[in-house]
Each structure stands twice: as structure tokens, then as C-alpha cells.
Amino acid sequence: MNKNGSALTTEAAAQVNPPLWLLAELTFRCPLQCPYCSNPLDFAQQDQELTTGQWIEVFRQARELGSVQLGFSGGEPLVRQDLGELIGAASQMGFYTNLLTSGIGLSEKKIARFARAGLNHIQLSFQASDETLNTALAESAKAFQQKLAMAHAVKAHGYPIVLNFVLHRHNIDQIDRIIELCLQLEADDVELATCQFYGWAKLNRAGLLPTREQIERAEQVVNRYRTRMKAEGNLTRLLFVTPDYYEEHPKGCMGGWGALFMCVKPDGTALPCHSARQLPVRFPSVREHDLRHIWYHSFGFNRFRGQDWMPEPCRSCDEKEKDFGGCRCQAFLLTGDAANADPVCAKSPHHDKILAAREEAYTTKIRIGELNFRNRSTSQLFAKP
């Protein structure tokens with residue numbers, strides 16, 4: 001690959017690993033209105049979803065390339081009436097399949113049908129540990145009780161129960177109650193992931209970014225629970241992910257651009273990470289190209305692959321093999337140029353933007369009701385020129 005992201009030569013393509021993990025974002029539709037949703041701000045303008053047959057062809061091509069894990073996501077994937085058929089097709093191809101859902105629209109009947117179709121894994125998301133806060137964040141009065149019922153149902157059908165909580169300023173201080181709820185639900189895995197600021201979370205960053213003190217207190221709570229659970233022989237795994245806004249070194253985003261992961265959006269756009277659509281890069285569509293061409297030869301997947309594109313200080317940094325220059329989406333959102341060093345890095349000439357965001361977390365007081373919630377009317381406003 002050259003620094004302009006042109007197609008790989010046959011020899012260079014042979015050095016690129018296949019996309020082991022495919023994320024199928026089946027739809028942008030969702031009954032919840034979370035203010036930290038990773039879907040695009042103008043999602044209401046993007047309603048041409050791939051058909052059942054088109055999705056199955058995407059799965060076939062991905063499996064042929066070497067993909068082994070397939071996630072069904074959204075929006076809320078349960079709004080697709082063909083979800084059971086898609087799960088069955090992917091399972092027959094040999095994929096390990098994972099459903100990432102809010103639980104809204106799920107039922108015991110559907111869980112049983114998905115199990116017969118070959119679904120391997122279900123990850124259920126919550127907004128908070130109590131009904132009041134969950135309702136305020138999701139803008140759905142019945143969501144919390146539905147989630148509890150489905151957590152029990154997933155466990156009853158023999159699935160490992162994986163619970164996901166997106167943490168932010170308004171719920172991170174109840175992390176002890178969140179963990180207690182997870183233990184009551186006999187979760188096998190718990191992902192306590194602080195907001196990563198893309199999409200709606202970036203728009204609402206001033207009202208969502210926790211303070212450093214909040215994060216430190218939460219980390220102490222998580223460590224106390226880990227120690228207690230280990231002593232009790234509890235095998236529940238707690239994963240605590242902090243926002244990289246409080247780091248001095250960037251994360252190795254997606255294991256490297258175009259290295260392991262491919263996301264296909266509802267309209268067929270293929271991306272090297274689920275947030276990359278916001279970049280000023282032309283990404284290919286499965287409606288126009290097959291996945292082999294997209295993965296190995298498209299401009300979008302080669303634009304930041306490898307190291308030739310890197311500017312200083314990344315180019316001469318001894319950490320570039322670990323962090324790959326950091327997150328391209330974050331670089332673009334904070335500096336206006338996706339090729340810049342991730343501002344999270346203390347070596348970045350734009351690190352001051354991260355420091356300013358930290359300061360903003362201390363000085364800005366925004367209540368939940370003042371956040372911009374993900375909904376169709378708001379999305380249409382953001383889509384206007």
C-alpha cells in the first residue's frame with residue numbers, strides 16, 4: 001500500500017490477514033433513544049437496508065475470505081423480521097454468531113427460535129441499575145423490566161449471559177449497584193464500558209464525560225468486587241473500560257486499520273471500524289463490490305492500513321506497532337484531519353484538545369434532560385445542510 005491508500009499489489013495483499021470478525025449492522029432503527037448511540041447523527045436519512053438475500057451473500061463472501069465470528073447489531077437488530085433466517089444462514093456457514101441487543105422486542109419464543117437456528121451468544125445491554133435512570137436514558141418506560149425478564153430468559157435457555165453497561169457521568173457513580181444487579185442476574189460476563197465519544201456520544205460529550213475522580217472511584221469499586229468475587233469463587237468476569245480521554249497513550253483501535261475487523265452498515269457500506277463513516281473517506285459498498293475487493297483493494301480499507309501513511313510523531317514512535325497511531329475517527333473529530341496523531345497521545349501536537357475536554361468535564365453541568373437524544377426528528381435536523 002502506498003501513502004495515498006491505493007490498491008495493494010498481489011504481493012502486498014498476501015501479507016494482509018483476512019477479516020476474522022464481521023459486524024453486520026442490520027438496521028439503524030431502534031425503539032430506544034440513547035444519547036450516546038454510536039449510530040450516525042443523520043441515521044433517519046439512511047433507510048435503504050440490505051435485503052435478506054443481500055445479507056446472506058455478504059455472509060457467504062466473508063466466510064469465504066476467512067471470517068469466523070459474526071455479530072448481529074444495529075440499531076436494534078430485533079426489528080428485522082428476518083433475523084432468525086439470517087442467524088440460520090450464518091450458522092450453517094460455520095460462523096460463531098453473536099446477537100448484540102437491547103432486549104426490546106425479544107421474547108422467550110424468539111430466544112428458542114434463535115437457539116434452534118444456531119445462535120451461539122447473546123449480549124444484552126442496560127442503561128442503568130434502576131428503572132428510573134434506565135427510563136430517563138433510554139426514553140422508554142418499559143425497557144428496564146423487559147431487560148430484566150430477558151436476562152432471566154437468556155440464562156434459562158442455556159446461553160451464557162453477557163451484560164453490557166455503557167458508563168458515563170450520570171450512571172458511573174452507581175457502579176456498585178450495577179455490579180450487584182449483574183451478580184443477581186448470574187451474569188457470566190459483564191462489560192462496564194465508559195462512553196467512547198463518537199456519534200451521539202461525541203455530540204453530548206460535555207454532558208457525558210465523567211471526571212477523573214469519578215473514574216478512579218469506579219475503578220476502586222470494580223477492583224474491590226473482583227477481589228471479593230475471587231475469594232468467593234465467583235467466576236463472573238468484570239471488564240472495566242475507561243475512556244481514553246484520560247490516557248496518555250492511544251488505544252490500538254480495532255487491532256489496526258483493516259487488520260482484523262470489518263463492519264457492514266445497513267445500506268451496504270463496508271467500513272474498517274463501526275465509526276469510520278464519519279470520516280471524509282470514500283468507503284466501498286457491498287452493492288457495488290465483492291468483499292475480497294473491498295478488503296484487499298479498496299481505497300477506504302487501504303487508506304490507513306500499515307504505517308506508510310503515518311505523520312510525525314507517529315512515524316518515528318517506538319509504540320506505533322502497538323497503537324497503530326491511535327484512532328483515526330478521534331483524530332478527525334478533534335483535529336479535522338484523520339491522518340493526524342490521535343490527540344489522546346501525550347506526544348500529539350493536538351493533545352491540548354484532550355486536556356480541554358477533561359477541564360470541560362469539571363466545569364460543565366448538564367442534566368440528563370438537556371442531552372440530545374437519538375430520535376428521528378433530531379436526526380433529520382442534524383442531516384440538514
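Two exercises on this predicted model follow, each with a worked solution.

Residues are numbered from 1 along each chain as its sequence is written. Local features need pLDDT of at least 70, side-chain atom pairs count only at pLDDT 80 or more, totals for chains, interfaces and linings use all residues, and side-chain values use heavy atoms, without hydrogens and water.

**Exercise 1. Find the strands at the edges of the open sheet, and state why one side of each lacks a neighbour.**

Step 1. Write the strand order: S7-S6-S5-S4-S3-S2-S1-S8-S9, nine strands with mixed pairing. Strands are DSSP runs (E, at least two residues), and helices are H or I runs of at least four, numbered from the N terminus. Two strands pair if DSSP finds at least two bridges between them.

Step 2. Read the ends. S7 (237–241) and S9 (270–271) each have a single partner strand, so one side of each is left without a neighbour in the sheet.

Step 3. Check the S9 end. Strand S8 (residues 261–264) runs antiparallel to S9, joined by two bridges. Cys263 has Leu271 as its bridge partner.

**Exercise 2. Describe the surroundings of Gln330.**

Step 1. Gln330 has a relative accessible area of 1%, so it is buried (under 20%; exposed is over 50%, partly exposed in between; 1.4 Å probe, protein chains only).

Step 2. List contacts (heavy atoms within 4.5 Å). Leaving out residues up to four places away in sequence, Gln330 touches Tyr198, Asp244, Tyr245, Asp342, Pro343 and Val344.

Step 3. Look at the helix. Cover for the buried residues of H14 includes H8 (199–203), H9 (205–208) and H15 (351–363).
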